[in-house]
2 protein chains.
Amino acid sequence: MKFRRSERLIDMTHYLLEHPRQLVPLTFFAERYGSAKSSISEDLAIVRETFEQRGIGTLQTVPGAAGGVKYFSKVSQQDARIFIHELCQQIEKPERLLPGGYLYMTDLLGNPQTTHKVGKLLAAAYAETDIDVIMTMATKGIPIAHAVATHLNVPVVIVRRDSKVTEGPTVSINYVSGSSKRIETMVLSKRSLKEGSKVLIVDDFMKAGGTVNGMRSLLREFNGTVAGIAVLVEAEHVEERLVDDYLSLVKLQNVDAKENEITVVEGNYFSKGKGFLPHS
Amino acid sequence: MKFRRSERLIDMTHYLLEHPRQLVPLTFFAERYGSAKSSISEDLAIVRETFEQRGIGTLQTVPGAAGGVKYFSKVSQQDARIFIHELCQQIEKPERLLPGGYLYMTDLLGNPQTTHKVGKLLAAAYAETDIDVIMTMATKGIPIAHAVATHLNVPVVIVRRDSKVTEGPTVSINYVSGSSKRIETMVLSKRSLKEGSKVLIVDDFMKAGGTVNGMRSLLREFNGTVAGIAVLVEAEHVEERLVDDYLSLVKLQNVDAKENEITVVEGNYFSKGKGFLPHS
């Protein structure tokens with residue numbers, strides 16, 4: 001069965017979007033559509049141009065016999081700015097304020113359109129980084145971790161506060177919570193993480209960084225390395241930050257429980273400035 | 001700026017895939033591409049044909065002034081069969097067996113390609129059902145619930161075993177665990193679920209159905225209704241099933257801890273037979 005160009009472009013777009021960072025040989029598409037490799041190359045040039053123009057991502061061509069094409073999920077600076085601006089406005093709503101100065105974020109973390117976009121932005125910054133797996137802490141980090149994982153095409157491992165019978169043997173560590181200075185425990189299923197993995201740590205919220213730091217210690221027990229740290233929200237005015245090199249979409253600048261006011265600004269996403277599409 | 005058909009098809013495909021079950025007016029695309037509505041109609045006919053042929057989904061045209069097009073994520077029977085067959089083979093691996101007859105599934109639930117496909121299959125069966133929100137139980141149901149939510153374009157609410165300060169006021173119920181007959185507690189943030197919502201319950205595993213039944217009771221406290229129950233794995237040989245009308249991808253037929261053997265077969269997904277693309 002032969003496919004017309006229009007059909008090839010639609011199916012290719014779907015296929016590439018579902019397989020980010022995966023090398024797809026040109027012969028795969030040529031056989032899938034019964035087309036010459038030269039036609040496939042032309043198709044891919046059109047896909048790349050449109051992906052870049054519309055802020056979807058980019059294609060990288062790997063030449064040679066073992067070559068092919070790789071799709072990277074990316075964003076334009078402009079789209080990222082608009083989305084982060086909207087996020088700030090959403091998080092600033094005074095009705096989010098809970099006793100103790102905590103913020104209600106459950107609606108945002110439960111909205112698949114929001115987490116998908118958060119995942120896309122965070123993933124874009126690590127598109128070229130060598131990452132084997134994403135690590136997060138149960139339970140609020142899970143939706144964002146999975147969203148990032150979808151765009152980077154790597155698995156997620158989940159660290160818990162306590163061990164579960166369905167996880168098999170576990171490794172546990174104690175760590176000091178950054179803000180409350182309490183001793184806490186975290187646990188990871190032993191077989192969920194291969195020795196020596198390169199790990200992107202993802203979480204919804206970072207205050208002093210105690211939890212992230214705990215994950216780093218846990219990672220050491222698996223001889224893993226931290227490939228990056230990415231959070232949705234970081235809190236400012238932290239006396240003693242335990243974590244330095246991280247990426248954040250937004251920054252919680254001030255929570256005034258008395259005046260019922262929340263101030264949220266851009267995180268360090270743009271100053272780190274990785275992962276944007278060219279000319280965006 | 002004018003767009004060629006090829007560019008429109010690529011961008012439309014991406015846009016529709018990211019906005020399932022959302023009515024997109026033809027004028028939206030016409031303005032986006034500076035094209036006539038007649039050209040957009042032709043584009044959409046090509047997209048629909050290719051989506052159906054390649055097992056991606058379908059488009060529904062809503063006529064009239066308030067009309068437009070809606071994308072539904074669907075599967076072909078054949079793709080679903082192949083995927084469920086692979087799932088069975090993966091889950092049957094004897095190294096999954098844990099003490100007490102539990103199965104290690106963390107790797108599958110942590111793989112975004114797997115959860116995306118599981119989500120697509122489960123969502124396809126409910127594509128035409130009126131659903132406001134997906135409910136799941138922390139923590140293992142979360143990745144599947146979010147995957148289903150992505151394809152149905154609805155939010156996720158997460159039921160927990162205990163309340164958290166970041167969730168605000170909660171509603172809690174006691175329920176009887178189906179298999180162990182113990183009294184357990186589950187908790188849902190009050191503001192996470194609107195009164196009277198139509199809810200699709202999603203979970204990774206169902207034995208006697210105690211947890212699902214608990215979620216049903218919890219839902220009653222919010223005057224909600226159950227729009228469906230969908231699980232990845234159901235266990236067979238349950239003396240007293242508390243839940244009748246559910247959808248499962250695979251069925252755990254037998255776990256022989258002594259012989260180190262696991263038997264997994266198709267669930268009731270095909271006998272329910274909803275959501276498949278025509279002629280598939």
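Author: A:T139 sits in the loop between β3 (133-137) and α7 of chain A, where helices (H or I, at least four residues) and strands (E, at least two) are DSSP runs numbered from the N terminus. Beyond the helix, A:N153 lies in the loop between α7 and β4 (156-159) of chain A, and its phi is near 60 degrees, a positive value in a residue other than glycine.

All of this comes from a predicted model, in which local features need pLDDT of at least 70 and side-chain atom pairs count only at pLDDT 80 or more, while totals for chains, interfaces and linings use all residues. Residues are numbered from 1 along each chain as its sequence is written, chains are lettered from A and ligands numbered from 1 in the order in which they are written, and side-chain values use heavy atoms, with hydrogens and water left out.

The relation between the two chains comes next.

In the interface itself, 57 residues of chain A are in contact with 57 residues of chain B, contact meaning heavy atoms within 4.5 Å. Because 100% of the interface residues of chain A are also interface residues in chain B, the copies meet through the same surface. Chain A and chain B bury about 5000 Å² between them, 58% of it on carbon and sulfur atoms; this is the accessible area (1.4 Å probe) lost on putting the two parts together, summed over both.

There are 2 salt bridges between the chains, a salt bridge being a side-chain nitrogen of Lys or Arg within 4 Å of a carboxyl oxygen of Asp or Glu. A:D11 forms a salt bridge with B:R54, where the closest N and O atoms are 3.3 Å apart. On the side of chain A that touches chain B, α7 (142-152) is among the helices that each supply at least two residues, together with α1 (5-18), α3 (37-53), α5 (106-109) and α6 (112-125). The helix that gives the most to that side is α1(A), with 9 residues.

Within chain A, the domain assignment, which is automatic or taken from a database, gives domain 1 (5-73) and domain 2 (77-272). The C-alpha centres of these two domains lie 32 Å apart, and the contact takes 10 residues from domain 1 of chain A and 12 residues from domain 2 of chain A. Together the domains bury about 790 Å², 35% of it on carbon and sulfur atoms. A:P20, A:R21 and A:S73 supply 71% of the area that domain 1 of chain A buries against domain 2 of chain A, more than any other three residues. Across this interface between the domains, the rule finds 0 salt bridges.
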